[in-house]
Amino acid sequence: MNKLKIKRNKFLKCIIPTASVIALTSLTFSCSSNSISFIEDANNMLNKYREMVAESINSEFYDDKTIEQILENTERPMEELEISGISTYYFTNIDYDNLEIRDDFWPAKDHVVRAREMAVSAYKNDRPDLMELAGKLVSYWVLTDHRCSNWWWNEIGGNRDMTGAAIFCFDTMPKKAQKALLGRLERSSFYYRPETKTHTGANLVDFAEITLKSSLLRKNRKEFEAAVKRMEEEITDENTE
């Protein structure tokens with residue numbers, strides 16, 4: 001096994017939770033210039049990631065409910081909104097217009113947290129109808145492009161949970177919503193926004209995680225390698241010590 005693969009495996013294991021699963025396939029991942037090969041690898045990594053998230057995210061709220069019960073639920077009430085001809089859903093008890101951070105939390109971001117829980121439930125219970133609804137929630141978020149007054153929640157916190165949902169329901173979303181989602185992720189990607197590479201510590205790891213998930217959704221080998229390369233600069237290979 002060459003040094004690059006060893007370093008990639010170490011790098012992936014240090015990103016929690018996303019790359020801890022990607023690490024399961026990293027030893028056999030090949031940096032092929034063949035884009036079809038990367039598509040296959042990316043799909044394998046996505047499947048490993050989904051399996052891990054399904055075990056770690058609590059989705060009990062949605063697990064035993066029909067679509068009708070979910071839409072009629074008073075704890076998380078939802079309404080449909082058509083945006084540019086696209087059916088989306090939002091929660092009527094979330095204050096999307098409040099741009100301020102409360103107790104170190106952005107209230108509107110609860111939208112993507114709930115969407116992620118729904119997508120996980122759909123995956124665990126083999127519910128394509130529920131997965132489609134989760135996709136409509138994510139579509140609402142990206143088509144309305146909600147932001148707050150704090151850069152961290154806009155570029156890291158919100159995008160991290162949004163991709164946590166999109167990893168599952170991306171394929172159910174209309175092309176326009178997919179494009180909006182990928183455009184939003186460009187703000188947090190090493191590949192599309194190189195200045196994010198200058199961050200350190202936890203922020204650097206968060207940007208790396210988002211870059212990885214973005215690259216897998218796009219099937220973009222160069223974006224994936226941008227995340228690997230940046231983090232390799234932070235890690236000392238055991239074989240060189």
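Some ground rules come with the model: being predicted, it contributes local features at pLDDT of at least 70 and side-chain atom pairs at pLDDT 80 or more, while totals for chains, interfaces and linings use all residues. Residues are numbered from 1 along each chain as its sequence is written, and side-chain values use heavy atoms, with hydrogens and water left out.

Mean pLDDT (the predictor's confidence in each residue, from 0 to 100) comes out at 82 for the protein chain, and 82% of the residues reach 70 or more. Where pLDDT is low, the predicted coordinates should not be read in detail.

On to the rings. The structure holds 10 aromatic pairs, where rings of Phe, Tyr and Trp (its six-membered ring) pair if their centres lie within 6.5 Å, with planes under 30 degrees apart called stacked, over 60 edge-to-face and the rest tilted. One of them, Tyr 96 with Tyr 140, is edge-to-face at 5.3 Å centre to centre and 65° between the planes. Tyr 96 sits in the loop between strand 2 and helix 6 and Tyr 140 in helix 7, so this pair ties together parts 44 residues apart in sequence (helices, H or I of at least four residues, and strands, E of at least two, are DSSP runs numbered from the N terminus). Tyr 96 is buried at 7% relative accessibility, and Tyr 140 is buried at 7% too (buried is under 20% relative accessible area, exposed over 50%, partly exposed in between, with a 1.4 Å probe and protein chains only). Ring pairs also bring in Tyr 90, making a cluster with Tyr 96 and Tyr 140.

The loop between strand 2 (86–91) and helix 6 (110–124) also holds Glu 100, which is partly exposed at 49%. Beyond its neighbours within four places in sequence, Glu 100 touches Phe 105, Trp 106, Pro 107 and Ser 149. Asn 150, 50 residues away in sequence, has its C-alpha 7.7 Å from that of Glu 100.

Helix 9 (residues 175–185) buries Ala 177, Gln 178, Leu 181, Leu 182, Arg 184 and Leu 185. These cover an arc of only 155° around the axis (taken from the directions from the helix axis to the C-beta atoms), which puts them on the same side of helix 9. Exposed Lys 175 and Lys 179 are on the face turned away from that buried side. The cover over the buried residues includes strand 2, helix 7 (128–144), helix 8 (151–169) and helix 10 (201–218).

How values were computed. Contact means heavy atoms within 4.5 Å.
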